[in-house]
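Look at the model first, then read on.

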Amino acid sequence: MDEQIKNSFIYPSEEFSPIPFWFWNDTLSEEEIIRQIQDFYEKGVNGFVLHPRIGLPKEPEYLSEGFMAYVKCAVKEAHRLGMRVILYDEGMYPSGSAHGMVVAENAEYASRGLRIEESSSSDPVLLDGEKIVCSLTARKCGNAIEQGSVKRFSGGKLPDKHVFLHLICGFTGGHIRGIHIGEDDWENPPKSADLLNPEATACFIRLTHEKYYKALKEYFGNTVIAMFTDEPCIMGREGDARMVAWTNGFLEKAESWGIMAEQLPALWYDIGEQTDKVRRSFKKLLEYELTESYYRPISDWCVSHKIALSGHPAESNDIGLLKCFHIPGQDLIFRRVAPEEHKGVCGTETTQAKCTSDFARHRGLRRNLNECFACCGKNGIEWSYTADDMKWMIDWLTLRGVNLLVPHAFFYSVRGERRFGERPPDVGPNNIWWKYYSRISTYIKRMCAMMTDSFNTARVAVLCESDSLPHESVRWLYENQIEFNYLEEALLGSDAVTILNGMLHINKQQYSTLIIEKESLISDKVRAFEESGGQVIICPKNANDVVDFVEKDAIITPQSLDLRVSHIVKDTEHFYILVNEGEQEISGKLSIYASDKIYVLDAWQGTIEPYDGMPLRLRRRESLILAVGTNPEKRIEICFNKRTKTVSEIKLEHWSIGGKSVTLGSWTEKEETKDFCGTMTYETEFKWNSDKEECVIMDLGEVHEHAEVTVNDESAGFRLWAPYEFDITRLLQKGKNTIRVSVCNTQANRYTKHRLPSGLLGKVVLKTGNTSSVFDYKSEI
């Protein structure tokens, strides 16, 4: 294994740091800004997204010289520390209105839409700012329109049994969320801008981007690396539900796409066999126009100012809207992807990680990002979000190729409910894992570095549309350790993809199998691929339709539905990334390709060990990386065993807190501690008289949430998730031993008053066995 790769794994570059949203949400001061940046830096966080958020005072005004003075203070300190800064382009979101200043400058730049009014009159009542785009007549049949009956109205008498259908353009009334208390959806929010109007976009750039550049010119292209645009919404939030996206002069553009005025009622009614085609074409038109009117001008501005365009579109399947991004992204929010209920492989949201990573890999883009962890507490209790959840999501994202994590969010302030309740939780300084965060940030760096400047060896491509990525058939691939990449139909049809000897070639990727869930996606290029010897699987109905016909790289016996595998090549070295996405330890024999020398890399522990042929372990919330050489040609088997055979167990029953005897159980079940949020330290004493050479593991059983252990005043490490097991062999002494367990619960008790299980619930046991047959657990030191 290359020494440079070893060193870069153990000591990962700061380039791969998490770059969190930093919510500026309270009165700012230069001293506090600098203090927090230094705190980030000390925890291994080497960058941030400077994000104005609700809670900012009205003075200094957003984007004013006074506001920019604080921005420059932050960027200057980041520059001094060698950190990276991404600027956020809005106050607050969705992007495009400059906190309503675009519309304030010109009321005609407000978001527009098109509605249809059914009437018996040729002269509809128009609201302020509305105008008729076109008047049609049609014959209605219930809630549908008789096929072929729609005609333009050019005067005269309305035909019998017909109605007028007036297409009316007007303002949607949409808005964005603001940055001052009293500017949220239900209060007095800033107006959203017309993102289909290039003049409105130019105004947005002038008001926002140019002001940032004027204040920070010397830092662009070095400390300031990107501008983040956040889920721009054409209609604005809570726009008129009767409307579809539109702008002035849009009818001519629609007709140039072959969508005639007479077909537009299909956006509201069933007009017959053309309905789906019209709706699909209109969606593609909006995708194109949003790209050209909004994303491209901003992307071009970023290039000309030596930074990248980053961020993400509104929907997790919007791969077609990533065209102008230099660092394409998505967002994992609201626990739509999670460990429970198969949420890691079921549902449309499960496509989002590979939406960005596969878009990037096919275009040779180094980085792709995910804005992650927002509102991801279980059962809607956001402040109950745990490090256990975070670790699972980090692994879920990076295994799928995401290599820049943007944690949502670090809060400048948690003062008052409008701040601590704003899309919580704080996943940084104001949460219980902050003291351990350097370990988390280093893990993120190692995983993101591994997935950068590398490519996977997937031989399966799954064909997708610009706004729809299959998720049902790929579940079978995940659960059978078959690697794949999404390939857009437009990209397949382009010159970027070539066909040679039954293989699709694009960038560094080569595919021998193409999976297609919709027959409508079969094209001449697909037929040419099949004729050259490639395999095409159309509309698979079950796992066997896929698994039985695809050559497998990694094979585990017996089958493990929770094991995920990615085989990557980095600097000619081959690696297998293994992640356990389930709740039980992985057990079985894993067959992979390898050369003679194999190394086992543990990104959490920061270790690299030669593989000695002994069984490995992959517990819940764990990952491993196997380095298998530069030319892995022969199959080998690696055994994964639980190795939990125990010679004896000793139950530790007598515990005290602060000298007072306690019974193990949840703090919330006791009157005096039911609302407690913080850390309690449990203590017990016992005698150890064994002379045997044996391994001793202390298993704390059920814990909520973090546990840190000392034995005879020496650290045994910490655990942030189950299993809460500690190897205390080297710390035990003959005779009396004292164990202290410090347990910290979540912030839910403090911020949401949910009395969730808290503390050391047990049972606590010492498990002993001989050193060759029992645990190989590594404590978190």
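Q: What makes the contact between the backbone oxygen of lysine 674 and the side chain of asparagine 749 a polar contact?
A: A polar contact is a pair of N or O atoms within 3.5 Å; within protein, one must be able to donate a hydrogen and the other to accept it, and residues adjacent in sequence count only if both atoms are side-chain atoms. The backbone oxygen of lysine 674 is 3.4 Å from a polar atom of the asparagine 749 side chain. The side chain of asparagine 749 also reaches the backbone oxygen of phenylalanine 676, at 2.8 Å.

Q: What kind of model is this, and how are residues numbered?
A: The model is predicted: local features need pLDDT of at least 70, side-chain atom pairs count only at pLDDT 80 or more, and totals for chains, interfaces and linings use all residues. Residues are numbered from 1 along each chain as its sequence is written, and side-chain values use heavy atoms, with hydrogens and water left out.

Q: Why is asparagine 749 called buried?
A: Buried means under 20% relative accessible area, exposed over 50%, and partly exposed in between (1.4 Å probe, protein chains only). Asparagine 749 has 5% relative accessibility, so it counts as buried. Of the 781 residues of the chain, 60% count as buried.

Q: Which residues does asparagine 749 touch, not counting residues up to four places away in sequence?
A: Contact means heavy atoms within 4.5 Å. Among the residues that asparagine 749 touches are Thr668, Asp675, Cys677 and His754.
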